[in-house]
Amino acid sequence: MVRTLCVLLLTTFLSHGGLAWAQNNDQIGPPSTWQSNTPKPTGPVVTGTVAYRERIALPPNAFIDVKLQDTSRQDAPAKTVAESVFAAEGKQVPIPFQISYNPTDINMAHTYLVRATISVDNKLMFTSTTAYPVLTQGAPSQVTMMLQQATAAAASSTPASGTKLLETRWVLAEVNGAPAVPGQGESAHFELHKKEKLTGSTGCNNFAGSYIASEGALQFMPGAPTMKMCSPAVAQQEQAFLAALKATTAYKVDGATLQLMNGSQVLAKLQAESKQ
């Protein structure tokens, strides 16, 4: 009698109770498909996706490079705190990413941004041109990044004229179609140095940062400028100049003239300064 009752109870559980338990826990299916078995990060992470608007398929050998950077220092290039580099492997945008970082490397008083690039055969295809703050000062730990095409203009870093993109002092001649105004003490300019170091002036305040240049593609990562008071005209130009640098995705050198471009749009023109 007892044996018969046990068998009856077991049969009832398997046909009703076991299924109900699975339904209540959203775990229907074999254990290998349950979410609880999905590997999870063991430490803090920044997550998100990278995408672009162009209808261009990524080849399997495309690489995505996502960096978590400290951009707080005004007198130095952005410092990379953590980085994730991975192959597309046939995936198409939006492509998810995850950057693991050490929480002891994060200073809550500092500013942190996420930047991303997509490259194929060491040539830059897409790059982020918008700031994506994360982690501190109320910023999230998850971002949706929209990259811009970086190969719209083709130009050599050393044109036939002999003017070099690097180690040349490029003085602002025009921004947003308006002629440059005289600076306070020095002209607005920038210079690209080796090891991706950027220095320059807005015509009032100095700035430093980093850059990426490759086959006509160019991306600036300027840090915050110094905080001197500027005349209204120079202050307005300062904002326009820094905005043009941050929006640049490509460049073209024609003789001693450098054009900063976003796709086919010319953002600013600069002239190479003669060295005495």
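A: Of the 276 residues in the chain, 40% are buried, meaning under 20% relative accessible area with a 1.4 Å probe and protein chains only. This is a predicted model, in which local features need pLDDT of at least 70, side-chain atom pairs count only at pLDDT 80 or more, and totals for chains, interfaces and linings use all residues. Residues are numbered from 1 along each chain as its sequence is written, and side-chain values use heavy atoms, with hydrogens and water left out.

The chain has two helices and 17 strands, taken as DSSP runs (helices H or I, at least four residues; strands E, at least two) numbered from the N terminus.

A pocket here is an open set of points on a 1 Å grid over the protein atoms alone, where a 1.4 Å probe fits, with protein on both sides within 12 Å along at least five of seven lines; lining residues have an atom within 4 Å of a point. The largest pocket has a volume of about 480 Å³, volume being the space filled by probe spheres set on the points, which are joined across faces, edges and corners. Its lining has 27 residues, with Asp-65, Lys-67, Thr-117, Glu-196 and Ile-212 nearest the centre. Strands supplying at least two lining residues each include S2 (62-70), S5 (112-120) and S13 (206-214).

The second largest pocket holds about 320 Å³. Its lining counts 17 residues, and Leu-113, Arg-115, Ala-131, Pro-222 and Lys-246 lie nearest its centre. S5, S14 and helix H2 (232-247) each give two or more residues to this lining, and S14 gives the most, with four.

Notes: Buried < 20%, exposed > 50% of the residue type's maximum accessible area, 1.4 Å probe, protein only.
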